[in-house]
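Student: I would like to go through this model and ask what stands behind each label. Please set the values against the criteria.

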Amino acid sequence: MKINVVELNSENAQEYLELRKVSEIELPQYVGPSAERELMSGNEGIAKIISSYALEGTILFGAFSEEKLVGVIAVSRRLSPKFKHRAFIWGMYISNKFRQLKVGALLLSHVKNWAGNHPEVNVLWLQVTESNTPAISFYKKHGFETYGTEPQSLFTQGEYHNTHYMQINA
Ligand SMILES: CC(C)(COP(=O)(O)OP(=O)(O)OC[C@H]1O[C@@H](n2cnc3c(N)ncnc32)[C@H](O)[C@@H]1OP(=O)(O)O)[C@@H](O)C(=O)NCCC(=O)NCCS
């Protein structure tokens, strides 16, 4: 299986939003506020949001199989001097049929490479829903450690969900 990873831009907006919509239908308890903002922007607003990402310090990586977007990961950081060393990974989602085929590992390696090319970035951190054992296993396997838990971090479908904070030195 050949998977190509590229940085996404506003030309990928509609396909990208479609994947986000699938993730919200399948696993709303794992969709955080940045992806929720994209979903709320809808078909009209998504290209504008993606266009603004470079200035905001956000990069989207997409994994393609035969020209089809099958996985995404995002990385964001504040660009101010006191905070630009901490980059936040969010919105990781692999299409159901492509899971456990190392697409996630490939996407994460692109984020790690990106961090390696930005020496001022020395921490990669993320939030993961406490019940998401596959993702927690995935992140642990790639060296992330839990450093805290936020109770009632997310509310969806009548239930609260705790989230773990995890990080790794970049
Ligand atoms: C979690 C996720 C990103 C992992 O990506 P992936 O491409 O499936 O994972 P990879 O093939 O690169 O890596 C596999 C590893 O991930 C973990 N993993 C993935 N799916 C798993 C599952 N269903 N059960 C247990 N562990 C799982 C394991 O550590 C596994 O290692 P192993 O094969 O040695 O057991 C992907 O399953 C996904 O998109 N899940 C739904 C959305 C989500 O949870 N996103 C994360 C939000 S924080």
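Tutor: Two residues are in contact if their C-beta atoms, placed from the backbone, lie within 7 Å. By that criterion Ile59 touches Glu7, Tyr53, Val75 and Trp114, leaving out residues up to four places away in sequence. Note that this is a predicted model.

Student: Why is Ile59 called partly exposed?

Tutor: A residue is buried with 20 or more other C-beta atoms within 10 Å of its own, and exposed with 12 or fewer. Ile59 has 18, so the label is partly exposed. Ile59 belongs to strand β2, residues 58-65.

Student: Why is Gln152 called exposed?

Tutor: Gln152 has 10 other C-beta atoms within 10 Å, so the label is exposed, given the limit of 12 or fewer. Gln152 is located in strand β6, residues 145-156. Phi of Gln152 is also positive, near 50°, in a residue other than glycine.

Student: How do you know that the radius of gyration agrees with a compact globule?

Tutor: For 170 residues, a compact globule would have a radius of gyration near 15 Å; the protein has 15 Å, so the two agree. Along the principal axes, the C-alpha atoms fill a box of roughly 40 × 35 × 35 Å. Buried residues are 27% of the 170. Of the contacts with a separation of 6 or more, 60% are between residues 24 or more positions apart.

Student: What makes β3 and β4 paired strands?

Tutor: Pairing needs at least two bridges between the strands. Five bridges join β3 to β4, and the two run antiparallel; the pair therefore meets the criterion of at least two. Within this pair, Val72 has Tyr93 in β4 as its bridge partner. β4 is also joined to β5, by four bridges, and these strands run parallel. There Ile89 stands opposite Leu126 in β5.

Student: What makes a set of residues a nonpolar core, and which residues have the most contacts inside the largest one?

Tutor: The members must be buried residues of the nonpolar kinds, joined through C-beta atoms within 7 Å. The largest such core has 30 residues, and those with the most contacts inside it are Tyr16, Phe61, Val72, Ile73, Ile89, Leu107 and Val111. At least two residues of this core come from each of α1, α2, β2, β3, β4, α3 and β5. Val72 touches, among others, Tyr16, Leu19, Leu60 and Phe61, not counting residues up to four places away in sequence.

Student: Which residues are closest to the ligand?

Tutor: Arg99, Gly104, Ala105, Pro134 and Phe138 are the closest of the 19 residues that surround the ligand. β4, α3 and α4 each supply at least two residues of the shell, and α4 gives the largest share, five residues. By class, the shell has 12 nonpolar, four polar and three charged residues.

Note on methods
Residues are numbered from 1 along each chain as its sequence is written. This is a predicted model: local features need pLDDT of at least 70, side-chain atom pairs count only at pLDDT 80 or more; totals for chains, interfaces and linings use all residues. A residue is near a molecule or strand if its C-beta atom, placed from the backbone, lies within 6 Å of it. Ala, Val, Leu, Ile, Met, Phe, Trp, Tyr, Cys and Pro count as nonpolar, Asp, Glu, Lys and Arg as charged, and the others, Gly among them, as polar. The radius of gyration is taken over C-alpha atoms; the globule rule is 2.2 Å times the number of residues to the power 0.38.
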